[in-house]
Amino acid sequence: MLREGVPSGLVIHATGVAGLRELSAHLGREVGNAVKGQAALLHFAAPDSPQIFADGVHVVPHEDGTTGIGSTSEREFDNPGTTDAQLDEVIERAMAAMPVLHGARVIERWAGLRPRARSRAPILGAHPLHRGEFIANGGFKIGFGMAPKVAQVMADLVLEGRDAIPDGFRAEASL
Ligand SMILES: Cc1cc2nc3c(=O)[nH]c(=O)nc-3n(C[C@H](O)[C@H](O)[C@H](O)COP(=O)(O)OP(=O)(O)OC[C@H]3O[C@@H](n4cnc5c(N)ncnc54)[C@H](O)[C@@H]3O)c2cc1C
């Protein structure tokens, strides 16, 4: 719970890149960084088709009649939220690999920052800086996919005191 900007009660710091930067600043070494990704959504219905990974590009048909395409992996960037010619190239690569996509309308272009821990693994468990508080960070490229399991192990830990976090996902593994 946030009261005048100060958390109270049981606290899990799930603050992505900001949390990795806070850790790095306090510990004086890089614990993790931001990897920008740009992706696009096409008006192309193939809900029963499999996902394709070709020429470094993911083509992901959705149930709603759209198809996702992604993505870039950028360590260097000026603006975390903008898309540019690098995304055009990703779309071109997807269309070259899957000619059936040629002519599909681009509905949306977007960009975001992936929180990448030095270990490339999630960082879960007791927070290394804030005593009595917890951290869930480092989702990097699997943050959505892992979210239900992360939520489960964090709820078990925070609410029940049951620790089922794999060793490689503990904060110590990334510090
Ligand atoms: C283009 C792209 C494609 C991706 N595709 C996939 C995919 O197909 N599958 C997959 O599993 N993952 C994918 N990811 C990765 C996924 O987006 C991340 O792993 C995931 O978003 C991490 O979730 P998070 O909640 O830990 O961090 P974030 O999504 O970064 O959220 C952290 C939040 O904390 C907020 N915050 C920061 N500081 C504070 C504070 N002090 N107080 C309160 N709030 C704060 C931030 O504003 C932000 O909203 C993709 C990422 C990108 C960029």
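Which residues are buried in α3? They are Val150, Val153, Met154, Asp156, Leu157 and Val158, where buried means under 20% relative accessible area, exposed over 50% and partly exposed in between (1.4 Å probe, protein chains only). This is a predicted model, in which local features need pLDDT of at least 70, side-chain atom pairs count only at pLDDT 80 or more, and totals for chains, interfaces and linings use all residues. Residues are numbered from 1 along each chain as its sequence is written, and side-chain values use heavy atoms, with hydrogens and water left out.

**Chain overall**

- The chain has four helices and ten strands; helices (H or I, at least four residues) and strands (E, at least two) are DSSP runs, numbered from the N terminus.
- Their order along the sequence is β-β-β-α-β-β-β-β-α-β-β-β-α-α.
- Along the principal axes, the C-alpha atoms fill a box of roughly 55 × 35 × 35 Å.
- Of the 175 residues, 38% count as buried.
- Among contacts (heavy atoms within 4.5 Å) between residues at least 6 apart in sequence, 67% join residues at least 24 apart.

**Helix α3 and its surroundings**

- Helix α3 covers residues 143–160 and bends by about 35 degrees at lysine 149; the bend at a residue is the angle between axes fitted to the seven residues ending there and the seven starting there.
- The buried residues of α3 pack against β3 (12–13), β9 (123–126) and β10 (134–137).
- Glycine 161 follows α3 and has a positive phi, near 70 degrees.

**Sheet β3-β10-β9**

- These three strands form an open sheet in the order β3-β10-β9, with mixed pairing; two strands pair if DSSP finds at least two bridges between them.
- β3 and β9 are the edge strands, each pairing on one side only.
- β9 and β10 run antiparallel and are joined by four bridges.
- Phenylalanine 134 in β10 has alanine 126 opposite.

**Strand β7 and its partners**

- From β7 (residues 67–70), Thr67 and Ile69 point one way and Gly68 and Gly70 the other way, and all are buried.
- Strand β4 (residues 32–43) runs antiparallel to β7, with four bridges between them.
- Strand β6 (residues 57–61) also pairs with β7 in the antiparallel sense, over four bridges.
- Glycine 68 in β7 stands opposite leucine 41 and also opposite valine 60.
- β6 and β7 form a hairpin with five residues between them, and glycine 65 in the turn has a positive phi of about 90 degrees.
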